[in-house]
Each structure stands twice: as structure tokens, then as C-alpha cells.
Amino acid sequence: MRTEPTAPVPPPPADLAMRELMAVREIVHAFLTADRPEEVYQFALERVRPLLGATFACVYLLDGSDDVMRLAAACNWPERYRPFLGQMRVRLGAGPSGLAASTRAPVVVPDVFADASLAEWQEVATELGFRSLVALPLQTPTRVLGTATFYFAQGDPLRGEEDGLLRIVADQMAATAEKALLIHELRRANAALSDTNAELERQIAAVNEARRLKDEFLSNISHELRTPLTAVLGYAAVLEEGAWGPLTDEQRATLRAVTAASERLLGLIEDLLELSTLRRGELRVQVDTFDMCDVVREVVSDAAPPAGDVALRMELPAGTLPLMRSDRRKVTKILGNLVSNALKFTPRGEVAVSLAATSDGFARFGVRDTGIGIDAAAQQLVFDEFRQVDGSRTREHGGSGLGLALSRQLARLLGGDIEVSSTPGEGSAFIVELPLEYAPDLSHVAAVREPLSLPL
């Protein structure tokens, strides 16, 4: 047994050059024909074995991180041994095939029966019908893949000038198999990606369907709740008017509490209806021309009375502001929600409502408070539906979490947006910017503008 050197060889004769060319062609053909990396080895063996004159051949590949090679492909083995081929293993460095892989050099055994170091191989050679063999390392620039071994019935089958042919066969088989493996891995990755995309599409469809059902449920349940609640308010009004007899002061106070609670509940139901209609894209914009200052005065006038230690004031410009053409009811609702929210979270100090018109055609409404403030990580969460910064059951401040979410969506429907800046313990500032002239093509699109801020 001898390990062949890898030194350069002289140019081959014409017939040998033709065999080299044919070997390359057959291996490339195997690559183009195979669908899996294992098939590249099988097809290559079937095409290259006749060119080398081998009786049979096999490919052993390193199995993971172990130093054991497994049989990956076999060509023209004796029929009676084929059922056992799958159990064949070769340890790295052991025997001609293992030695070729460990030394990364071809191993040629000219005559098994003439080599005393291969005495244990002589019985196997007699049984399988081979006398000599050539083991070629399959390697890439970065690693060894395994060994391709060709077995011959005659002794010393290859002449010295055929080293180049051996090297070409080994290099081409290794490079071709490596490319086939990369393509196979790419196909697997693409298939996995396709499966992931399909699963994501199914999940998105399920989420969209869940949203649709949620919106439909909110709309239906809100309609169903509003009807009996309207009746409750009607009966309370009739009772308060004394239709069934005079009422005591205590009864009137109780009726007023019932009416106030019912009106709050009715307001929540109206918000749910408006939100579900807005999400379906069915909310209409009723354009009107109005004075923005009147909207601020109306919101401040209708706001719930602040706590004893809180002042609610307006900051209106001294000059004349342009009239606004938009949906007055929606603008009023947006500003009213912000003021109500500021009063709820301001135990002491003040809530200030300001108004200005920008030079680029926008109305800027500001609501500034000296309340508890909002942590930076939660400042965008306050605009999520049914979300509160403190979502625990023991939270100090109530509310449904709909006001700010509905206000931002209404602002975007009108072509504007709402921004917030806040410092915990010092207060918050909400700024609404809306176009002075509503345009339908601006609906559902937030205006792209510089970051907004109000001094706290």
C-alpha cells in the first residue's frame, strides 16, 4: 500500500487527456441529473468506474463529528453483499479508505496479496474478487468529506501518469457533491421558508378573521346594549318628572346617580360603536365650517368639574384665527377625550387647553397637565385599544382604555395625528394637529411633520 504524492504531473497523453475530460463530463452530468447529494455520488460512480476499469466502487462519508465513515454509495458490488452494504463503516485512519481521508492523499494498493501489512484484507479480497484498489480523498478547500474507493480485479491497474486522472476524479466528485449539498440545503431552507410563509399567512388570516369577528361582536353587542339603556334613561327621566307621584330628595338624588351612570355607560357604548365603524372604514366625515376657539370653549365648558386642587383653563391666542373646515363633532370628541383623560390623571395643579394655527395650514390643539405622567416605554401603549398603563385590578384610576385609541384614529381619519410627551411625576402634554381644510385623500393618513412637544 502506498500513499500517492500530490506533486504536479507532466501533461498526459492524448488518450489519457480524453479520459480525464470524459471523467469531468460524467461527474458534471451526475450533478445535473441528481436531485439529492447522495445521488451525485451514486451517478458519478456509475459513470467514472468504467473509465478507470474498476470492478466495483464505493463512497464513504464522514458521519457528523465522529471519526467513522459510513457507506454513502456503492456501484457494481457483488449481488450477495448488497443487503449488508448499509451496515458498512470505516474508521478514519484505518485501512486504505480511512487512511486516504485522514492523510488527504490518494492511497494505492497495487496488489493486496503482495503486501504483508494487508494480510487481514486478503481473505476479503478473495471473497469479493478484487486484487488492487485506489482510495481517493474527497475534500474541499475547507474540509474532508470522505473517500471514493475503486476496486480492481487485476493488480497495479493504474500507471504513474494517471495520477492526474485520479486527482481530477477526486476533486470533481468532492466539489460537485459539495455544490449539490449546498443546493439541497438551499432547497430545504426555501421549503422551510415557504412553509413558514404559508403558516404566517394562515395566522394573519386567522388574526384578521378574529378582528372582524371582534368588531362585528362589538358592533352587535353595542346596538343591543344601547336599546335597553336608552329605555332606562327614559324611565328615569319620567320618574324624575313626577309622573308617578312626588319624589323625596333622596329618591331624586338616587335617580340622578342612575342617570349619570347610565349616561356614562351610553357614552362608552357610543365609543365602541364609533370605533368598530371606524375600523371597518365606514365612518363618515361631515365637513362643516366653524370657529376653532368655540370648540375649545365648548370642551372646557362641558368637562367634568375638576378636583378641588386642579384648575382647568384655556390658552387662546389674542388674534383672529382662520376658520376650520372639518368634522366639528369629531374634533370636539378628540379634544374632549384628551381633556377628560388629563383631568382623570391630575390630582393637583392644572390642566391647560391651548390652540394655535401653524403657517403650513394646520390647527394645533394642546392639552397639558401637571398629573402623574407616563413612563417613556408606555407612551405609545396608551393609544392601544382597551389598554391602560396600569392594567392591574387594583389600579387607582378607572376607564375603559378607549378614549385615547379612538381619539388618535379619529385624528388620522381627519388627516392629522396625536403625539404625546411626558415625564413621570411631572405631567403630560398631548398635541393634536389637524389640517384646517379637510381633504378626503388625507383620511386615514397621519400627517408627516416635525416631532411635536409642549413645555410641561
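Why does Thr 149 count as buried? The reason is its relative accessibility of 1%, because a residue is called buried when that value is under 20%. Please bear in mind, as I go on, that this is a predicted model.

Let me place this residue first. Thr 149 lies in strand E7, which covers residues 144–152. Its side chain makes a polar contact of 2.7 Å with the side chain of Ser 97. Beyond its neighbours within four places in sequence, Thr 149 is in contact with several residues, among them Phe 56, Tyr 60, Leu 133 and Val 134.

I turn now to helix H8. At its start, a side-chain oxygen of Asp 327 comes to within 3.2 Å of the backbone nitrogen of Arg 329. How many of the 17 residues of H8 are buried? Twelve are, and the helix is thus mostly covered. The buried residues include Val 331, Ile 334, Leu 335, Leu 338 and Leu 343, and also Lys 330 and Lys 333.

Finally, I come to the strands around E11. Strand E9, residues 310–315, runs parallel to E11, residues 349–357, and six bridges join them. Within this pair, Arg 313 has Ala 352 in E11 as its bridge partner. On E12, residues 362–369, the arrangement is antiparallel, with seven bridges to E11; here Val 351 is partnered by Asp 369. E11 and E12 form a hairpin with four residues between them. In that turn, Gly 361 has a positive phi of about 85°.

Conventions: Residues numbered from 1 in each chain as written. Predicted model: local features only at pLDDT ≥ 70, side-chain atom pairs only at ≥ 80, totals over all residues. Heavy atoms only, no water. Buried < 20%, exposed > 50% of the residue type's maximum accessible area, 1.4 Å probe, protein only. Helix = DSSP H or I, 4+ residues; strand = E, 2+ residues; numbered from the N terminus. Polar contact = N/O pair within 3.5 Å; in protein donor to acceptor, adjacent residues only side chain to side chain. Contact = heavy atoms within 4.5 Å. Pairing = 2+ DSSP bridges.
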